[in-house]
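Have the viewer open and follow along.

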Amino acid sequence: MGNTIFSKIINREIPADIVYENENILAFRDINPQAPVHILIIPKIEIPTVRDINGKEHGPLLGEMIDVANELAKKEGISENGFRLVFNCGKHGGQEVYHLHMHLLGGRQMKWPPG
Ligand code: AMP
């Protein structure tokens, strides 16, 4: 099961700097950080993109991902100044890995609009 690099991280087939894990979720530092804090929060089940999310089915899981983001933001010292949560979806969204992931970015002033 699992074709993406993130499945391999979940299965411990390749290493990652894991900062959080529970039965549903894994979080690890992005290998190419775009901010002083850049963590990827992923569900352990395979959902390729935001397009595959159904609110009724996945709502609790997404809520848990936000809880983890808030917990990690506090732990990393970026909660008070704020941070950015990003889901890239599909080609125009700039998605590279087709295993759902939420980027937690912080530790610097973010710009808007994004590139
Ligand atoms: P996205 O463009 O939203 O699909 O983001 C994929 C992210 O995964 C990028 O920010 C990559 O730097 C990151 N990434 C790719 N491979 C790894 C890896 N082995 N460990 C940690 N982060 C990775």
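This is a predicted model: local features need pLDDT of at least 70, side-chain atom pairs count only at pLDDT 80 or more; totals for chains, interfaces and linings use all residues.

Which of the 16 residues around the ligand come nearest? Asp-30, Asn-88, Glu-96, His-101 and His-103 do, where a residue counts as near if one of its heavy atoms lies within 4 Å of the molecule.

## Ground rules

Residues are numbered from 1 along each chain as its sequence is written, and side-chain values use heavy atoms, with hydrogens and water left out.

## Around the ligand

Start with the polar contacts (pairs of N or O atoms within 3.5 Å). The side chain of Asp-30 puts an N or O atom 2.5 Å from an oxygen of the ligand. On its own the ligand exposes 510 Å², and the protein buries 87% of that (Shrake-Rupley areas, 1.4 Å probe).

As for the shell's make-up, it has seven nonpolar, six polar and three charged residues, with Asp, Glu, Lys and Arg counted as charged, Ala, Val, Leu, Ile, Met, Phe, Trp, Tyr, Cys and Pro as nonpolar, and the others, Gly among them, as polar. Helix H1 (5–10) and strand E2 (25–29) each supply at least two shell residues, and H1 gives the most, with three.

## One aromatic pair

The structure holds one aromatic pair, meaning ring centres within 6.5 Å; planes under 30 degrees apart count as stacked, over 60 as edge-to-face and the rest as tilted. The rings of Phe-6 and Phe-28 have centres 5.3 Å apart and planes at 75°, so they go down as edge-to-face. Phe-6 belongs to H1 and Phe-28 to E2, so the pair ties together parts 22 residues apart in sequence.

Most residues other than glycine have a negative phi, and most peptide bonds are trans. Arg-12, though, has a positive phi near 60°; look for Arg-12 in the loop between H1 and strand E1 (18–21). The peptide bond from Trp-112 to Pro-113 is cis, with omega near 0°, and Pro-113 is in the segment after strand E5 (102–106).

Note on methods: A polar contact is a pair of N or O atoms within 3.5 Å; within protein, one must be able to donate a hydrogen and the other to accept it, and residues adjacent in sequence count only if both atoms are side-chain atoms. Helices (H or I, at least four residues) and strands (E, at least two) are DSSP runs, numbered from the N terminus. Rings of Phe, Tyr and Trp (its six-membered ring) pair if their centres lie within 6.5 Å; planes under 30 degrees apart count as stacked, over 60 as edge-to-face and the rest as tilted.
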